[in-house]
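Trainee: I would like to learn how to read helix packing in a model. Please take me through one case.

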Amino acid sequence: MRAEHDTAGTGGAEGVNGTGGGTGDSATPAATPPAAPAPGTPEAPGAGRPVARSRRFPAVTQDTARPEGAGRAIPGAVSTPARQWPMLSVLAATAAGLLSTATGHPRVGCLVIGIAMIAAAVLRRALPSVGMLAVRSRFTDMVTYGVLGVAITLLALVMEPHPWLRVPFLETAVRFTVR
């Protein structure tokens, strides 16, 4: 039926401009099989070989991205907590820091949390796959975890009363902003 409506004279399954010949059916050009070459016509070069798939990402996303977490840290039949040991270790250290802060030791608690964030940055850099600790790109995760860890650690060191680290211009800046 399509061959009768072929106005381009190609003898193929598609009509003018690859529109399907205008027969009104709902078949798409991608769903129709390619037409066999006419007798006596030389085949296109490489027609018998399979088409190599590109390793590039498609320009238009057609599916969801594969999950970063569950099977990424340790592949195989290992249980999920064992595969997520980097994330669980950082969460455990953060929970210990929060517990220490809640029990009346805020400086120690903040130091533990800051060191846990710095450890997350080191783990993200050192390990090829860290499970759910990987949120963004490796560089962005390292910078984010590192900056937050250093900031929390420095704030714990200059915490009053009796700061462990004295920054001379900090006292002047606090007096200037408070008054």
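**Reading helix packing**

Mentor: In this predicted model, α3 and α4 are roughly antiparallel to each other. Angles over 145 degrees count as roughly antiparallel, and the axes of α3 and helix α4 (residues 138–157) cross at roughly 160°.

Trainee: Which two quantities describe a pair of packed helices?

Mentor: Two packed helices are described by the angle between their axes and the distance between the axes. For α3 and α4, the axes come within 8 Å. The crossing of this pair is left-handed.

Trainee: Which residues of α3 and α4 make the contact?

Mentor: On the α3 side, R107, C110, L111, I113, G114, I115, M117, I118, A120, A121, R124 and R125 take part. On the α4 side, the residues are R138, D141, M142, Y145, G146, L148, G149, V150, I152, T153, A156 and L157. By class, the contact of α3 with α4 has 15 nonpolar, 4 polar and 5 charged residues.

Trainee: How do the axes of α2 and α3 cross?

Mentor: Helix α2 (residues 85–102) and helix α3 (residues 106–126) have axes that come within 6 Å and cross at roughly 165°. α2 and α3 are therefore roughly antiparallel to each other. Their crossing is left-handed. From α2, the contact residues include W85, P86, S89, V90 and A93; from α3, they include P106, V108, G109, C110 and L123. The contact of α2 with α3 divides into 13 nonpolar residues, 6 polar and no charged.

Trainee: Which residues make up the largest nonpolar core?

Mentor: A nonpolar core is a set of buried residues joined through side-chain atoms. Here the largest one has 9 residues: V90, M117, A120, A121, L123, V130, L133, A134 and Y145. The element that gives the most to this core is α3, with 4 residues.

Trainee: What is V90 in contact with, leaving aside its neighbours within four places in sequence?

Mentor: V90 is in contact with A116, A120, L123 and L133. Among these, A120, L123 and L133 are listed with V90 in the largest nonpolar core.

Trainee: How many helices and strands are there in the protein chain?

Mentor: The protein chain has 5 helices and 0 strands, running α-α-α-α-α from the N terminus. Of its 179 residues, 21% are buried. As for sequence range, take the contacts with a separation of 6 or more: residues 24 or more positions apart account for 44% of them.

Methods:
Residues numbered from 1 in each chain as written. Predicted model: local features only at pLDDT ≥ 70, side-chain atom pairs only at ≥ 80, totals over all residues. Heavy atoms only, no water. Axes fitted to C-alpha atoms, helices over the stretch in contact; angles between N-to-C directions. Helix = DSSP H or I, 4+ residues; strand = E, 2+ residues; numbered from the N terminus. Parallel < 35°, antiparallel > 145°, perpendicular 65-115°, else oblique. Left-handed = near helix turned anticlockwise from the far one by under 90°. Contact = heavy atoms within 4.5 Å. Nonpolar A, V, L, I, M, F, W, Y, C, P; charged D, E, K, R; others polar. Core = buried A, V, L, I, M, F, W, Y, C linked by side-chain atoms within 4.5 Å. Buried < 20%, exposed > 50% of the residue type's maximum accessible area, 1.4 Å probe, protein only.
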